[in-house]
Amino acid sequence: MNGTRTVAFQTLGCKLNQFETDALATRFRDSGYAIVEPTDEADCYIINTCTVTNKGDRKSRNAINRTIRIRDENPLPAGRNRLIVVTGCYVESAWDALKTDTRVVAVPNDKKQGIFELVEARLNGELIGPNELPRGVFDYGVQSQLFHTRAMIKIQDGCDNFCSFCIIPAVRGRATSRPVVDILQELRTLVDRGFREIVLTGVNISRYSDSHTGFSELVEQMLAQPGDFRLRISSLEPDSIDDRFIALFDHPKMAPHLHLCLQSGSERILLQMRRQYTAKEYRRITDALLSRYPDFNLTTDCIVGFPGESDEDFQATCDLIRQVGFSHVHTFPYSRRRGTRAERMPGQIAEAVKKERAKRIRELGYEGKLAYRQRMAGKQQRALIEKVENGVAYGYTENYVPVAVAVEDDSNATDLQNRFLDVRLEPFDTPHTINLDSDLRMTARVSNQVPTPAS
Ligand code: SF4
């Protein structure tokens, strides 16, 4: 094959999938491939799928069918073909159909990290299959400064909780943690490469455990590493949060923001969901965080319309959301997953009711976001600038507040990218129209443009 090889990626689902795609894309790019759009002609298309909801299944199937169509409409000369590799959680749940589908190569989750070797071999005419790839869920290369200002480190995979609505333990396997030494090494490499924000990711990271190191100890060791960076925890289950974890946020490198999964505010429904905490315990954690750190930013996930959810159960969720004051609530109407306990539960809720409840939660989430932004007006924050466009620098502060900062001189735009700016958040005008999807970006004024030296 002549010229530069091309590869296109599509990612569905969670941040962990996004991390894995980014890591694969880095590997292809560093090996000389050009990354093109999924609608372009490419030598290879890689689709990293999701199965967390029925919608995830549908979107994954559509992405695969669409890509097959694109490939078939752009044939190569006889004897050569464009390769379509599908991987991710939908591949696990639809394995029987996909493994025999000759139009694609299906790669299981635990062999995803070997896709580069598989593609190289196939494009060179060697017919190796996924069976010949080694197993491993942490053997991704270190991210380069390619896709995002934030770099993710995968510290954990799989889950042992078996919540009654969730298919993840079946498609990602049992919980497994990456060795501490590897994580610290990757952190140092990322900081040396210039990343200023590191995000910890995995399926259920609060259950991290390697030898005698638990999650809080791992984070303490990461915070002790030198360099001018901050650490953000992505999504967390509330079941193993203790005082030691809460005290981690005293550290100046720790971003005061948590996406703490709630799912329901009703004790009865939490029990039915087989969640490992009560609503009362959840409140104890959020109260502890907010009393110690009043500006702490809490966001969450919530499932509405779980089987048997009564009006009172739903009201309990609304009450808890209002009391905590989340700045963002990601809502899912419950969707029946094949192979889960909840699939067989009585009291399945009508779609119209789920839709109405989801709308109510989204409105509450918007009110919480607006209130949080208003509370943050006048505060000093440290924004990490992601891009500069038309004299405005865009980024996120340590509390995960999206900001827009006017910059006088566009010529130093590239200098500002991936730099910390100390800013003061401007008073927030209440929008005239409600846009539930708006991130309500705040304007901010630079209070000190000189980046702080490495600590
Ligand atoms: S904690 Fe529950 S919802 Fe989260 S991945 Fe594990 S089983 Fe699924």
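Between which two elements does the loop that holds Q263 lie? Q263 sits in the loop between β14 (257-260) and α10 (267-272), where helices (H or I, at least four residues) and strands (E, at least two) are DSSP runs numbered from the N terminus. The model is a predicted one, in which local features need pLDDT of at least 70 and side-chain atom pairs count only at pLDDT 80 or more, while totals for chains, interfaces and linings use all residues. Residues are numbered from 1 along each chain as its sequence is written.

Most residues other than glycine have a negative phi. Q263, which is not a glycine, has a positive phi of about 75°, and N418, also a residue other than glycine, has a positive phi near 65°. A residue is buried if 20 or more other C-beta atoms, placed from the backbone, lie within 10 Å of its own, exposed if 12 or fewer, and partly exposed in between. Q263 counts as buried because it has 25 C-beta neighbours inside 10 Å, and N418 is partly exposed because 18 other C-beta atoms lie within 10 Å. The loop that contains N418 runs between α14 (413-416) and β20 (420-425).

The protein as a whole has 14 helices and 21 strands, and 41% of its 455 residues count as buried. Its C-alpha atoms fill a box of roughly 65 × 60 × 50 Å, taken along the principal axes.

A nonpolar core is a set of buried Ala, Val, Leu, Ile, Met, Phe, Trp, Tyr and Cys residues joined through C-beta atoms within 7 Å. The largest such core has 90 residues, and those touching the most other members are V7, I46, V85, V86, I115, I153 and F165. Helix α1 (residues 15-30) gives the most to this core, with 6 residues, and the core draws at least three residues from each of domain 1 and domain 2. Apart from it lies another core of 17 residues, among them Y372, L384, F420 and M442.

Leaving aside neighbours within four places in sequence, F165 is in contact (C-beta atoms, placed from the backbone, within 7 Å) with residues including M273, I303, F306 and Y334.

Conventions
Domain bounds come from an automatic or database domain assignment. Two residues are in contact if their C-beta atoms, placed from the backbone, lie within 7 Å.
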